[in-house]
Amino acid sequence: MTGLSGPVLAEETRIVISSPLDRSALALTPDAALSPQQIARDRYRSGDTASLLRNLPGVAVSGASGLAGLPMVRGLGDDRLRIKVDGMDLVSACPNHMNSPLSYIDPTAVAKAEVYAGITPVSLGGDSIGGTIVVESAPSLFAQPGQTLLTGSAGAFYRSNGDGRGVNLNSTLAGANVSLNYTGSGTEANDYDAGGSFKPGAPVAGGGWVDGDEVGSTAYRSVNHALKLGLRGDGQQLDVTYRHQLVPFEGFPNQRMDLTDNETDQVNAGYRGRFSWGELTARVYHEETDHQMNFGDDRQFWYGDAPGMPMQTSGRNAGATLAAAVPLTDIDTLRVGTEYQRYRLDDRWPASGSGMMMAPGTFENIDDGQRDRYAAYGEWERRWDAAWQTLLGARYENVRMDSGDVHGYSMMYAADAAAFNARDHSRSDGNWDFTALLRYTPSAGATYSAGLAQKTRSPNLYERYTWSGNSMAAIMNNLVGDGNGYVGNPDLDPEIARTLSLAADWHDAAQSLWSVRLSPYYTRVEDYIDARCAPGKSCLPRQFNVLQYDNVSARLYGVDLSGHLELARGTAVGDLALDGVFGYVNGENRASGDDLYNIQPLRATLALNQSLGNWSNALETEWWGRKDGLSDVRNEIETASYTLVHLRTSYTWQQVRVDAGVENLFDRRYALPLGGAYVGQGRTMSINGVPWGIAVAGPGRSLYAGVSYSF
């Protein structure tokens, strides 16, 4: 496309303002990243942005919702990861974490996705122990001097399983120094079907029916709008983005409730400038989320004269960052920065009906929850010679938390509320992170790295301040989708993880014909936040129980293996290549010998890719081993091994791209190893009013097609 300053990519036209400090910088090298081609290929396969990451080494996706999957990195997920969306540290404002950070950006709006799974640099870490995920939308585009640029793309898609459909639009009007971009998307789907019946069909109280192969509470609807203003001058750029999201409904088959309204507004301003002394970046952002839950059509709605159980959460999140990168010498770079985040949360459940269970007052789950982070870091990178490179970093964070006094619906909750209110709720954690990373590149065909790190995370507000042991209230507080109820623990200490990570990367000199990357790791976690039977409760096997968060000693180890092999190039059938990923994780509670919850079993994917002219095709095999390393305290459900086959094809002609494929080609019935317990239908307000032992089933066969037009 003419009139652009910068590189032209195959899938989209964009400008990236880069800096010499970025090149070969050890601190900015992710363990895994998606290429623009991978993003374009997979953006219509699912409405869940987290699913884009599912085939990266070390990454899996937990949860079973259509929009809000939780990425897992080497067995650690959710708040144990730092997830940055366009530079913002977003916080889930929900007792079930239904509005996860990646749910705020549609897959069609993603332009960059990187995973730091090993030794995360302190400049990218903080308040996390499992790694960092960086996801960004496309940067601002600018025209050549004296010209005007009008560019963009529009697309639509359809998926047969669940009748999923959606549209998206991206358009930019720009001059040489000013750019205005609009990005919008809308998507919706009904409940999806499994590859066969995994439970009995059943009526829904008040009308309706859920078939045996229907995965209840998996429907969703979402609308996203974003408006970005970009301004640039000599070596400087400012971007200001306003984003609005409305999710009128999203079902969660592994939670007792459904999302019945989620409205979010974000304002995000980022600055980047290059000067004679180095580079300066700054960002300020503000996010407001209003979130509501109740029972959807697949769940019992009336309990006596109570019309459901309305729950309302309000989250207010503001942050600021300031960072500088200074080349001290030709071989030394210093990075320093400071960060601040202010978070406020109110979680209240209005009265419903006339009984004391949910009336006459409002249940205050968390009142005036406060969580503030203050951070500063320094990082020194040195390139000793062409082969050796080191990185040393330290980061300090002070995390201050507090909450107000609470009360329940009625006097039946008074004892729990009084015990909580009698305690001092204020907590202050001083957290230290350290990173030491060594990279050795002896030749053009090999790279070796080794790293040690200490990373620290303070508990979130739900882990510390939820207070009621009543089973009905407790099951509404569940961050992991296992069907149990949870009570917070104000005495929780921060998690401190110490990790050793190694990596060996072998490849041809041009890094195009073949490559193999092997990365073993070991992590010991002090004060890992696990669970125990809640005080005063009887916890039995083969049922759902009320648990309390508890600090334990834990350890995780595993290995990631990935590879690429070009089989043929320029033949009559085009280019052929194999890509594969293998992962193994083992996690244990060292205090009890119990397995940690939601640790993925053995997993492997192998894809045969073929391209010929404008055509690109793939045959992908996905294999998961039996999940039999189970958390006994949570009565985790075993899942069987399975193999899935997927087909993909795409055709590009001038400004039009068509994508199509078949997921789960042979309509295999299987259970999601990280999907949690199925509680997606029936009398879900009662802790054991739904059967225990049914895992959430994965989707059966689905045909999908999408078309995009660039202008």
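Which cysteine does a disulfide join to C533? The points below take up that link after a few words on the model.

1. Basis of the note. This is a predicted model, in which local features need pLDDT of at least 70 and side-chain atom pairs count only at pLDDT 80 or more, while totals for chains, interfaces and linings use all residues. Residues are numbered from 1 along each chain as its sequence is written, and side-chain values use heavy atoms, with hydrogens and water left out.

2. The disulfide. The partner of C533 is C539, with an S to S distance of 2.1 Å, and the rule applied here (a pair of cysteine sulfur atoms within 2.5 Å) gives a count of one disulfide. The link of C533 and C539 is right-handed, with 90 degrees about the S-S bond. As a reminder, a disulfide is a covalent bond between the sulfur atoms of two cysteines.

3. Exposure of cysteines. Residues are called buried under 20% relative accessible area, exposed over 50% and partly exposed in between, using a 1.4 Å probe and protein chains only. C533 counts as partly exposed because its relative accessibility is 27%, and C539, with a relative accessible area of 29%, is partly exposed. C94, by contrast, is at 0% relative accessibility and so counts as buried.

4. Overall form. Along the principal axes, the C-alpha atoms fill a box of roughly 70 × 55 × 50 Å. Of the 711 residues, 57% count as buried. The accessible surface, computed by the Shrake-Rupley method with a 1.4 Å probe, for which only the protein chains shown count as cover for residues, comes to about 27,000 Å², and 57% of that surface belongs to carbon and sulfur atoms.

5. Contacts along the chain. With contact taken as heavy atoms within 4.5 Å, residues 24 or more positions apart account for 70% of the contacts with a separation of 6 or more.

6. The chain contains four helices and 35 strands, both being DSSP runs numbered from the N terminus (helices H or I, at least four residues; strands E, at least two). Two strands are said to pair if DSSP finds at least two bridges between them. Strand β23 (residues 388-402) and strand β24 (residues 427-443) run antiparallel and are joined by 14 bridges, with V399 standing opposite D429 in β24. Eight bridges join β24 to the antiparallel strand β25 (residues 446-457), where T435 stands opposite A453, and a hairpin of two residues connects β24 to β25.

7. A three-stranded sheet. An open sheet has the strand order β2-β3-β4, with antiparallel pairing; its edge strands, β2 (59-62) and β4 (76-77), each pair on one side only. Strand β3 (residues 70-73) pairs with β4 over two bridges, and M72 is opposite G77 in β4.

8. Strand β5 and its two partners. In strand β5 (residues 82-85), R82 and K84 point one way and I83 and V85 the other, yet all are buried. Four bridges join β5 to strand β8 (residues 132-137) in the parallel sense, V135 of β8 being the bridge partner of V85. With strand β6 (residues 88-89), β5 pairs in the antiparallel sense over two bridges, K84 having D89 as its bridge partner. The hairpin of β5 and β6 has two residues between the strands, and D86 there takes a positive phi near 50 degrees.

9. Nonpolar cores. A nonpolar core is a set of buried Ala, Val, Leu, Ile, Met, Phe, Trp, Tyr and Cys residues joined through side-chain atoms within 4.5 Å. The largest has 58 residues, of which M257, M309, W349, Y409, M476 and M685 touch the most other members. Apart from it lies another core, of 25 residues, including L53, V59, L102 and I133. Leaving aside neighbours within four places in sequence, the contacts of M476 include P95, N96, R256 and M257.

10. A buried glycine. G583 lies in strand β30 (residues 574-589) and counts as buried because its relative accessibility is 8%. Its C-alpha atom is separated by 7.5 Å from that of G558, 25 residues apart along the chain. Beyond its neighbours within four places in sequence, G583 is in contact with V559, D560, Q600, P601, L602 and R603.
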